[in-house]
Protein chains: 2
Amino acid sequence: MSLIVQKFGGSSVADAESIRRVARRIVETKAAGHDVVVVVSAMGDTTDELLDLAGQITDDPPQRELDILLTAGERISMALLAIAITSLGVQARAFTGQQAGVITDTAHGNARIIDVTPSRIQATLSDDAVAIVAGFQGVTAQTNDVTTLGRGGSDTTAVALAAALGASVCEIYSDVDGVFTADPRIVPAARKIPRISTEETLELAANGAKILHLRAVEYARRYRVPIHVRSSFSSHQGTLVTDELAEDGPMEDPLISGVAHDRSQGKITIVGVPDVPGTAARIFEAVAAAGCNIDMIVQNVSAAKTGLTDISFTLPLEQANAAKAALAALGGELQGAEVLYDDTIGKLSLVGAGMRSHPGVSARLFGALRDAGINIEMISTSEIRISVILRLEDLDEAVRAIHSAFGLDAAEVEAVVYGGTGR
Amino acid sequence: MSLIVQKFGGSSVADAESIRRVARRIVETKAAGHDVVVVVSAMGDTTDELLDLAGQITDDPPQRELDILLTAGERISMALLAIAITSLGVQARAFTGQQAGVITDTAHGNARIIDVTPSRIQATLSDDAVAIVAGFQGVTAQTNDVTTLGRGGSDTTAVALAAALGASVCEIYSDVDGVFTADPRIVPAARKIPRISTEETLELAANGAKILHLRAVEYARRYRVPIHVRSSFSSHQGTLVTDELAEDGPMEDPLISGVAHDRSQGKITIVGVPDVPGTAARIFEAVAAAGCNIDMIVQNVSAAKTGLTDISFTLPLEQANAAKAALAALGGELQGAEVLYDDTIGKLSLVGAGMRSHPGVSARLFGALRDAGINIEMISTSEIRISVILRLEDLDEAVRAIHSAFGLDAAEVEAVVYGGTGR
C-alpha cells in the first residue's frame, strides 16, 4: 500500500457537482488500496472574487489581513470536499495549512515553506481516513499568523506534504491532460509529453508555460518527489515530472521538450546612457529596490563618438510603473537619457536538456524565424533554453513556426523526443 | 479612556460599501478616545450560502467539517473590515476565534465558550490598534479543532470578550434601533425600550424575539456586562440591557416589557394515553433521547370512565419528525394511543418583571384575547412571563390586541413602563 498525494485546482472544484466528482475519484484511489492525502485550491474564481472585494475597499490592503482574507477560499473547498467524501461512506478530515503543520516564513502574500510537521495528517491516515488539506496557506512559527504562498501555491503545498510524508507520487490535477510541447490553443499539433525532467519543467514554467508553480517544481527537484500532472476530467495518463530514468527510457536527453510563450512582460529601454563604469549598476539597483523582477537585459555596444549607450530590459507588465518611477527618481544621474516603455512584446522560449550537447539549436531557431519573416528584438540563453523577444503580434505565429521547425508537431514527434534528429 | 467592544452583524457588513461605513464608525469611536475591539459576523447571507453548498453535496454533513466551512464567512468579513479600517489611517489587526483565545468545548455546531485568553487582543490594544475578531467561532483546547457557537453566536463572542477584557460596554449593532415592545412589522405602534433587565431580555429572546443570542444574554448576566443594542445605520441611542439601576430609573419594575411571538413551533398531542404512573416519564424520556427540545407541556385531567388521558407538548418544527419517530418506536407501551401533529400553531408571550407583584396580568391577557375572539390552546407561565399557544393565523392579531390592551402602544407608553397602571 502506497501513499498518494492528490492536488485539485480551482477548476476541478468549481461547484458542488465538480466537488462530488473529485470526491468519487479520491474514493476510487482509496478503494484501490492507497493512503490518500488531498490538497485543494479555492473553488473556481473565489480567490479573484475575494481580491476584488478587497479592491473595492482600498487599493493598498495590508498583506497580513489580505492573507487571512484569501485563505477563506480553501477553507470552504476543503470542508466541502471532506463532506462530499464522507457522504460516499469514506472517512475524511479537513485541515487548514496550520493544522496540517505547514510552517512558513513571515513573507505575507508570497511566503516560503520552511518546515512541514504533518503529525495530524499521519494520525488521520493511521485511522484509515482521507486527509484533506487547504492548499496555498501556512502559518508562521512564532506568531501563528496565517500566510499565503503566492499564486499557484497549492502545488507547493502538495509537493511539500508529499516530501514530508514520503509519498510515492504527487498527482497534480487540473483541466488539462498534462504538459504539452506548446500551448494547444496556439499550436493544435502540440503533443502531450509523457515524461520530463524537473530542470526542463522549471525552464518551461519560468518562461510562461502555465504548468506548475515554479517553487513546487524546485521543491520536487530537491526532495525527489515524482509529480504526475494530469486531468481531473479524464483517466488518461498525464505527464510524469521526474529525474528518475524510466526503465525503457531514452539513452540520450530529448533535444527539445517544448516551446513556451509569455505575454506578461514589457520592455523598458533607456536611450543615451553615459557609458561609464557603474551606470548599469545604479540603474538596476534602483529598479530592484522598487521591487521589480528583471528578466532579460541587453546593452548595446557603445557608440564610439558619443560615449553613450542604450540599455533595455524586460519585466512583468504590472511592475513597469514602479520601474519607470524609480528611473525618473534617478534624475540627473542618467544625464538626460530617455526612458522608453514598450508593452507590446512577446517572449518565446525553446527548452530542452539535449541542447547542452547540440550546439546548432540557436542557428536553427533564428533561421526558422527569419523564414517566417519575424524579427528578433532581444535574445537570452541558459544551458537548456533559448529565449527571444518578439513583437507581441508575431508571437503566436512564431510559436507555431518553431514548434514545426523542431519536429514537435504530433505526427512526427517520436524521433525527436528520443533525441534522434539533432540540430 | 474606556474599552468598548462593538459587534456588527451580517446585515451591517453585507457589501464593500457597508464595510467601509462600519469602518468609519469604528474609527470615530477610536477617535473619541476609546480602545476598540470589534467582533464581526459573516457578510450578509454568506453563512446560508455556505450551508446551501453543503446541502448540495449531502443531507448529512459531518459537524466538524461543517464548522470549518461555516467559519470561512467570518474570516472574509474580519479581514475586509481590518483592511477598510487600515485604509482610513488607523491600525487594525484581524484575529480568528482561535487567535483571539476563544476556547470552547467540543460540541461542534453549538459549542460553548469555556475560556477566553485574549493576550493577542490585549497586545493589539497596547499598540493603539483596533482588534477585529471573527465572531461565532472558537477552538477546542485539546485538539485545536475549529468550532462554531450556533446561530447568533457572534453576540456571545462579543460579550465573552467584553467580560474577559473588562470592557465598559458591549455594543451590539444590527439593522434595528434596539429592543422593541413588540415586532414593529406586526405592531406599527411598537416602541423602543430604553432600558431592560437581562432577565426580561432572556424571556423575550427565549420566546421568539430576535434580539440577541440567548447565551450572550446569559453570559452578560453572569459577568455583569452591559449590552447596548443599537443600529449601525443611525447614531440613535438603542436599548441598554443591564441589571444596574439607572440613576433616574424607576422605583418599581415595569409591569410589561414587551410582547414576543414565535412561529417556529409545532404541537404533538398523544390521545388516549393510559393514565398510570410513569407513562409521561416514558414519553418524555423517549422524546428527549431523540434530541428534541420540549417547550410547553399540557396533560388533561383523566377521563374517569376510560382511565385514559391526553398529553400535548410543543417543540421546534424541525424536530417534529424525530419526535414522531421516537413515539412510534415506543409502540406497545402507548397501548394504542394516537399521535397527532399540528404545525399551524403560534405562541404569544407577555414578559415583564413587574408581574411578580401584580397578580392580575393573566386575567387581563385572557380577557383581551376573548374580546378579540381568539381561542387559547395551551398556557404556561414563569415568574415574569405568560405564554399562550394560539392558532397560527390568529397570532398577529393577538400580538396587536395584547400590545394595545397592556398600554404598550407608542402614544400611551410612559406610564406603563414606569409601573403606573398595574393590572
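Me: Hi! How many residues of chain B are in contact with chain A?
Reply: Hello! In this predicted model, 28 residues of chain B are in contact with 30 residues of chain A.

Me: Which elements of chain B give two or more residues to that side?
Reply: They are α1 (16-31), α2 (46-57), α3 (63-70) and α4 (72-87) of chain B.

Me: And where does the largest share come from?
Reply: From α4(B), which gives 10 residues to the side of chain B that touches chain A.

Me: How do the residues on that side divide into nonpolar, polar and charged?
Reply: On the side of chain B that touches chain A, 19 are nonpolar, six are polar and three are charged.

Me: Thanks. Switching to chain A as a whole: what is its secondary structure?
Reply: Chain A comes to 13 helices and 20 strands. Its domain assignment gives domain 1 (3-175) and domain 2 (248-423).

Me: How far apart do the C-alpha centres of those two domains lie?
Reply: The centres of domain 1 and domain 2 of chain A lie 35 Å apart.

Me: What percentage of chain A counts as buried?
Reply: Of its 423 residues, 48% count as buried. As for contacts in chain A between residues at least 6 apart in sequence, 74% join residues at least 24 apart.

Me: Let's look at the open sheet of four strands in chain A. What is the strand order?
Reply: The order is β15-β16-β14-β17 (chain A), and the pairing is antiparallel. The edge strands are β15 (297-299) and β17 (338-342) of chain A, each of which pairs on one side only. From one strand to the next, the twist averages 15°.

Me: How many bridges are there between β14 and β17 of chain A?
Reply: Strand β14 (residues 265-274) and β17 of chain A pair over five bridges, in the antiparallel sense. For Ile268(A), the bridge partner in β17(A) is Tyr341(A).

Me: Which helix lies across β14, β15 and β16 of chain A?
Reply: That is α9 (residues 279-289) of chain A, which runs at about 145° to β14(A).

Me: Back to chain B. Which residues of helix α8 are buried?
Reply: In α8 (residues 214-223) of chain B, the buried residues are Arg215(B), Ala216(B), Val217(B), Tyr219(B) and Ala220(B).

Me: What covers the buried residues of α8(B)?
Reply: The cover includes α6 (153-165), α7 (198-206), β11 (227-231) and β12 (239-241) of chain B.

Me: What comes just after α8(B)?
Reply: Arg224(B) takes a positive phi of about 55° there, although it is not a glycine. Arg224(B) is in the loop between α8 and β11 of chain B.

Me: Is Arg224(B) buried or exposed?
Reply: Arg224(B) is exposed, because 11 other C-beta atoms lie within 10 Å and the cut-off for exposed is 12 or fewer.

Key
Residues are numbered from 1 along each chain as its sequence is written. Chains are lettered from A and ligands numbered from 1 in the order in which they are written. This is a predicted model: local features need pLDDT of at least 70, side-chain atom pairs count only at pLDDT 80 or more; totals for chains, interfaces and linings use all residues. Two strands pair if DSSP finds at least two bridges between them. Axes are lines fitted to C-alpha atoms, for helices over the stretch in contact, and angles run from 0 to 180 degrees between N-to-C directions. Two residues are in contact if their C-beta atoms, placed from the backbone, lie within 7 Å. Ala, Val, Leu, Ile, Met, Phe, Trp, Tyr, Cys and Pro count as nonpolar, Asp, Glu, Lys and Arg as charged, and the others, Gly among them, as polar. Domain bounds come from an automatic or database domain assignment. A residue is buried if 20 or more other C-beta atoms lie within 10 Å of its own, exposed if 12 or fewer, and partly exposed in between; C-beta atoms are placed from the backbone.
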